[in-house]
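Reader: I would like to go through this model with you and ask, for several of the terms used, what they rest on.

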Amino acid sequence: MVSQVIKMKAFILSFLLTAVLLIGCSQEKQQQESSTTTVEQVDSLVQEPMTREQTDSLVFRLTHHYSLNYNFVVQADSLVLVPRPEELAADTCVVREDALIAVAMIRTDGWPGVEGEDMDSVWLKIVAEDGTMGWIGEQELLASVVPDNYISKVLHWQNSVRLEWKGLILLLGVVGFLVLRLLQRKKRSLRLMAMDSFYPYFLILLMAGLAVVYRTVMTDLPEYWAEYYFHPTLNPLLLPFPLSLTMVLVWMILIVALAIAFDVHRHLSFLEGVAFICETAGLSILTYLLFWLLMNLGVGYVALPLFAVVILYYYFKRVRCTVVCGSCGKKMREKGVCPHCGVLNT
């Protein structure tokens with residue numbers, strides 16, 4: 001059992017080191033490729049100047065993160081498309097929820113002949129999968145659709161219900177805390193003496209780091225996040241460093257959560273295990289929200305290393321078991337009477 005724990009910890013450490021090395025190599029490679037691509041683009045522009053339409057399309061792609069033929073899925077109950085005055089079609093059409101649509105044309109000069117300060121300056125011609133087409137303002141469109149890929153849909157969903165699922169996890173954490181304390185009153189041994197796993201504390205540290213990095217990307221690098229929202233990937237090697245670090249933390253959180261589940265399965269009963277997982281999840285979300293608040297207050301970068309020191313000190317001084325009972329073989333924090341079987345260990 002001890003060898004399995006050592007192997008698991010070695011695996012996580014090797015994964016972390018490998019991810020850091022790969023990200024560093026990827027960033028260097030991306031810089032070299034980007035410099036080479038820039039030179040080639042400059043040479044091509046000198047030889048063959050771009051047309052006004054090509055330039056506008058490239059600028060729009062860089063600033064709006066999508067372009068022609070980009071696919072969306074309607075999330076609102078309906079999407080109203082209107083005709084332009086110079087087109088033959090003169091009827092307003094409606095696209096229903098969950099319909100697949102594509103951008104067929106982009107106009108950045110507004111709608112000629114229509115005045116009003118609330119009118120969108122960017123208008124998009126949309127084609128639905130049933131052949132329905134019409135025009136709609138960009139702001140109204142983006143508020144009612146989501147990019148047609150699973151990652152963007154998950155990001156859109158978690159953003160729309162973030163208060164609900166975070167509140168639910170916090171509630172489960174409170175229930176798990178109360179159940180564990182009730183079970184402890186009926187037993188002589190504490191749960192942490194039966195399971196001195198480092199993974200729950202490591203998970204809390206990862207959640208704190210994720211809150212700091214994710215908050216930094218959302219506020220200080222919004223263009224990075226917008227680009228990722230429209231063109232997501234699960235491979236951290238294909239992303240800029242801030243997003244790569246965010247994705248590495250997400251992957252590590254998933255791996256550590258799986259390790260916690262294995263530890264719980266080996267050491268705790270079903271009820272204890274469920275309560276322990278709920279409590280750990282609640283503490284993780286609470287830590288995430290706390291560091292999000294600290295980032296808003298401007299002290300997140302200072303609080304993170306201090307928090308890491310406190311967590312590590314608490315684990316190694318108060319939780320980690322270094323003694324094994326010679327009678328029952330269960331873990332003990334120090335020599336003396338075993339809390340599991342009552343045998344004196346000297």
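Reader: Where is the place of Ser67?

Author: In this predicted model, Ser67 is located in the loop between helix 2 (52–64) and strand 1 (71–74).

Reader: Why does Ser67 count as buried?

Author: A residue is called buried when its relative accessible area is under 20%, and Ser67 has 16% relative accessibility, so the term applies to Ser67. Leaving aside residues up to four places away in sequence, Ser67 touches Ser57, Arg61, Val103 and Ile106.

Reader: How do you know that the buried residues of helix 11 line one face of the helix?

Author: The buried residues of helix 11 are Gly300, Ala303, Phe307, Ile311, Tyr315 and Val319. Viewed down the helix axis, these residues fall within an arc of 100 degrees, and therefore they line one face of helix 11. On the face turned away from that buried side, helix 11 carries the exposed residues Val302, Leu306, Val309, Tyr313 and Lys317.

Reader: What is the span of helix 11, and what is expected at 1.5 Å a residue?

Author: Helix 11 (residues 300–319), with 20 residues, reaches 26 Å from its first C-alpha to its last, which is close to the 28 Å expected.

Reader: Which residues of the largest nonpolar core touch the most other members?

Author: They are Phe72, Ile101 and Leu141, in a core of 67 residues, to which helix 7 (residues 199–220) gives the largest share, 15 residues. Among the residues that Phe72 touches, not counting those up to four places away in sequence, are Ile101, Leu141, Val145 and Phe230.

Notes: Residues are numbered from 1 along each chain as its sequence is written. This is a predicted model: local features need pLDDT of at least 70, side-chain atom pairs count only at pLDDT 80 or more; totals for chains, interfaces and linings use all residues. Side-chain values use heavy atoms; hydrogens and water are left out. Helices (H or I, at least four residues) and strands (E, at least two) are DSSP runs, numbered from the N terminus. The expected span of a helix is 1.5 Å times one less than its number of residues. Buried means under 20% relative accessible area, exposed over 50%, partly exposed in between (1.4 Å probe, protein chains only). The arc is that of the directions from the helix axis to the C-beta atoms. Contact means heavy atoms within 4.5 Å. A nonpolar core is a set of buried Ala, Val, Leu, Ile, Met, Phe, Trp, Tyr and Cys residues joined through side-chain atoms within 4.5 Å.
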